[in-house]
Structure formats: structure tokens, C-alpha cells
Amino acid sequence: MKLGTQGSNDKPGNYRMPFGKFRGRTLDEIASDNDGLLYLDWAAGEFDPTSNAGAAVRLYVEDPEISSAIDEALTEKESENKSGDWKPRDWSWLKRRDR
């Protein structure tokens, strides 16, 4: 993964999304609110892990501080859901990666 191709200093938070709803924004900028955190949570499981974007997002959400913020955003989203049909992300991809 060459983080420097889309961001500076090879820090995952500096990676700029090259496409989609958050195109041009860094991962740190995306994570500045709950909607962005939930997007990153979704993207970590959906993006191709061999792509620059997928690898950067996964590395970013593995950070304990970011992971904790995502957990809080998920908890808040669950409490806002009155219908009960919203489910949190399946983190099994993270367990598979550690094998």
C-alpha cells in the first residue's frame, strides 16, 4: 500500500478518498462525525482490502481510538433506531485477517 499516493506523511488519517461521497477528504476529516465514522465502518468491510483505499481504511479503523469512536457511533445509531431492524457491522473480516 502506498498511502503517500493519496495523502501525506504515510499516516492513514491523511489518506484522501479517491472516489465516492467523501472524495477528496482525508480519513481524519471523514471521521469527524458519526455519519463519517459509520461510513468508515462500512467501508472497512466492503472495500477490496488489496486496494489502497481498502487497506488504508482498514488500517485506520484498527486504531484503538478510532475503533472506540466507531463503537460509540454504532451504539448511538442503535439507540436512535426505533424499528429495531438496524444491525451493527459484522467485524468477522478483522478476525479473518489475523489468521
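Q: Which residues of α3 are buried?
A: They are A53, G54, A55, A56, V57, R58, Y60 and V61. Buried means under 20% relative accessible area, exposed means over 50%, and partly exposed lies in between, with a 1.4 Å probe and protein chains only. Helices are DSSP runs of H or I with at least four residues, numbered from the N terminus.

Q: What should I know about the model and the numbering?
A: The model is predicted: local features need pLDDT of at least 70, side-chain atom pairs count only at pLDDT 80 or more, and totals for chains, interfaces and linings use all residues. Residues are numbered from 1 along each chain as its sequence is written, and side-chain values use heavy atoms, leaving out hydrogens and water.

Q: Back to α3: how many of its residues are buried?
A: Eight of the ten residues of helix α3 (residues 52–61) are buried, so the helix is largely enclosed by the rest of the structure.

Q: New topic. At what angle do α2 and α4 cross?
A: The axes of α2 (residues 34–46) and α4 (residues 64–80) cross at roughly 105 degrees and come within 9 Å. That makes α2 roughly perpendicular to α4, a label for angles of 65 to 115 degrees. The axes are lines fitted to C-alpha atoms over the stretch in contact, with angles running from 0 to 180 degrees between N-to-C directions.

Q: Which residues make the contact?
A: From α2 they are N34, L37, L38 and D41, and from α4 they are A69, I70, A73, L74, E76 and K77. Contact means heavy atoms within 4.5 Å. These residues divide into six nonpolar, one polar and three charged. Here Ala, Val, Leu, Ile, Met, Phe, Trp, Tyr, Cys and Pro count as nonpolar, Asp, Glu, Lys and Arg as charged, and the others, Gly among them, as polar.

Q: How many salt bridges are there in the whole structure?
A: The search finds two; the criterion is a side-chain nitrogen of Lys or Arg within 4 Å of a carboxyl oxygen of Asp or Glu. One joins K11 and D28, at 3.1 Å from N to O. K11 lies in the segment before α1 (27–30) and D28 in α1, so this pair ties together parts 17 residues apart in sequence.

Q: And which residue does E29 pair with?
A: E29 forms a salt bridge with R16, with the closest N and O atoms 4.0 Å apart. E29 is partly exposed at 35% relative accessibility, and R16 is partly exposed at 36%.

Q: Turning to the rings, how many aromatic pairs are there?
A: The count is five. Rings of Phe, Tyr and Trp (its six-membered ring) pair if their centres lie within 6.5 Å; planes under 30 degrees apart count as stacked, over 60 as edge-to-face and the rest as tilted. In the pair of Y39 and W42, the centres are 5.7 Å apart and the planes at 35 degrees, so the pair is tilted.

Q: Is Y39 buried or exposed?
A: Y39 counts as buried, at 13% relative accessibility, whereas W42 is partly exposed at 41%. The rings of W42 and F47 have centres 5.8 Å apart and planes at 85 degrees, so that pair is edge-to-face.

Q: Which residues form the aromatic cluster?
A: F19, F22, Y39, W42 and F47 form one cluster.

Key
Helices (H or I, at least four residues) and strands (E, at least two) are DSSP runs, numbered from the N terminus. Angles under 35 degrees count as roughly parallel, over 145 as roughly antiparallel, 65 to 115 as roughly perpendicular and the rest as oblique.
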